[in-house]
Amino acid sequence: MKLDTSGFESFSTQIEPLDGIVGDFSAAPAFELPNSTDFDGFQKEAIQMVKPAKGTTTLAFIFKEGVMVAADSRASMGGYISSQSVKKIIEINPYMLGTMAGGAADCQFWHRNLGVKCRLHELANKRRISVTGASKLLANILYSYRGMGLSVGTMIAGWDETGPGLYYVDSEGGRLKGTRFSVGSGSPYAYGVLDSGYRFDMSIEEAAELARRSIYHATFRDGASGGVASVYYVGPNGWKKLTGDDVGELHYHYNPVTPNTVEQEMAEAPGV
Amino acid sequence: MVKEQANWSPYDNNGGSCVAIAGADYCVIAADTRMSTGYNILTRDYSKICQLADKCVMASSGFQADVNALKKNLYAKHLIYQHQHNKQMSCPAMAQLLSNTLYYKRFFPYYSFNVLGGLDSEGKGCVFTYDAVGSYERVGYSSQGSGSTLIMPFLDNQLKSPSPLLLPAQDAVTPLSEVEAVELVKTVFASAAERDIFTGDKLEIVVLGASGIRREYMDLRKD
């Protein structure tokens, strides 16, 4: 399948060369591929060297009032925490969100590219793109790069004419419509809390608290997840960030420490 | 039938560390000047810092040949921008450009670990930190390179500021003065040079402020 390099089309105005000297930067550069006999092996090594940020917990679910999206903010390179403040919920446009899991650069770049495509669709068709359409655009691009080492596990959440929409899209080319997803190394833990507490007819506050708790529990048990738990709500008027809490502080919020009484401490000290 | 292994790699690591700290109205960018390959030192006097625009300075460690190619690429794109828009690129704009430039080589990456520092359009200090394929984030301080695992925890201890993801939002800029930030950078590199074999020789510090750009040097361990 031919590589879909439409993601790299330059939309800036082309300056016509006066005397035939080609301005290389105005032409859309295709992806440079290395001249190696073993492309597969080279990619494996390049990925090892680049070590994309793995390990994360993201989740999203549809409920009566709309879509709730939540994620942690830790990026790890092997055992080293490269950042505790990564934005894993990407704002594609004012009514659509994407989550990031897998390679940070891959997710950032392709979500931004998706935002561009969505805007172009609006301008060309005089109406907003649906969540179905947006997720399909992304899935098709990722499918065309299948096998080349992109690492993207994302959820596209939004509100369109048909109501709330949620899709899971990954770099293997998979695209699933659903009502409840969690992606990343912490997802088993998040699913445990999310699935047991979920009801379709929750209020926004209840849903936000459930999402926050699920992320907190995942960060507690998964070493590759941590930082700040962000919760976003997508409703008929677009998305809104509801909470952003440090998970260390959330721990003591959910498990308050009761101080010892002074008499107890005195009793522990041995008599002379 | 054993699969053939390549016996030549297009990459090399020239070592070194870079640091950038953002202040209320200044930005400090620093890097050591040692360039090495394996256990050999190629030169003790190599600058890893380059000024991309009036208010934008980049420091990169990793494979310096790739860093130079990347630098050339960015200079050229910046020149075209200046011709088209009749103004210099702002630091946040350059940050996005660098991210895209890195990602265009997603399947044959620039082996370059960058830290971009400068002043944003409001005159506040900003630092952007990157991985090799272009994922980036605006932060209050950052370090990259061989000494970064030694330097980062110390900067976290001294400068840790509230995460930009917290709600209600809190500012991610260091409360240090310019003089204190430069002293901190000197301390940090002196420590890194003690325990990282690829960091040492000399420290180059660039300070970007409202009044312009200032350069300073300090000797580090040469062993």
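Buried area here is the accessible area (1.4 Å probe) that two parts lose on being put together, summed over both. With that in hand, colour by chain: chain A and chain B bury about 3400 Å² between them, with 65% of it on carbon and sulfur atoms. Some ground rules: this is a predicted model, where local features need pLDDT of at least 70 and side-chain atom pairs count only at pLDDT 80 or more, while totals for chains, interfaces and linings use all residues. Residues are numbered from 1 along each chain as its sequence is written, chains are lettered from A and ligands numbered from 1 in the order in which they are written, and side-chain values use heavy atoms, leaving out hydrogens and water.

**Stop 1: the interface.** Select the residues in contact (heavy atoms within 4.5 Å): 40 come from chain A and 34 from chain B. How many salt bridges (a side-chain nitrogen of Lys or Arg within 4 Å of a carboxyl oxygen of Asp or Glu) are there between chain A and chain B? The count is 1. Zoom in on Arg106(B) and Asp106(A), which form a salt bridge with their closest N and O atoms 2.6 Å apart.

**Stop 2: a bridge within chain A.** Over all chains, the structure holds 26 salt bridges. One of them pairs Asp245(A) with Arg212(A), closest N and O atoms 2.9 Å apart. Asp245(A) sits in strand β12 (residues 238–246) and Arg212(A) in helix α5 (residues 204–221), so the pair ties together parts 33 residues apart in sequence. Helices (H or I, at least four residues) and strands (E, at least two) are DSSP runs, numbered from the N terminus.

**Stop 3: α3 and α4 of chain B.** Select residues 148–159 and 178–195 of chain B: these helices pack at about 150°, axes 9 Å apart. Axes are lines fitted to C-alpha atoms, for helices over the stretch in contact, and angles run from 0 to 180 degrees between N-to-C directions. α3(B) and α4(B) are therefore roughly antiparallel (the label for angles over 145; under 35 is roughly parallel, 65 to 115 roughly perpendicular, the rest oblique). Show side chains: Leu150(B), Ile151(B), Phe154(B), Leu155(B), Gln158(B) and Leu159(B) of α3(B) meet Leu184(B), Val188(B), Ala192(B) and Arg195(B) of α4(B).

**Stop 4: α1 and α2 of chain B.** Finish on residues 64–85 and 91–104 of chain B, whose helix axes come within 11 Å and cross at roughly 130°. α1(B) and α2(B) are therefore oblique to each other.
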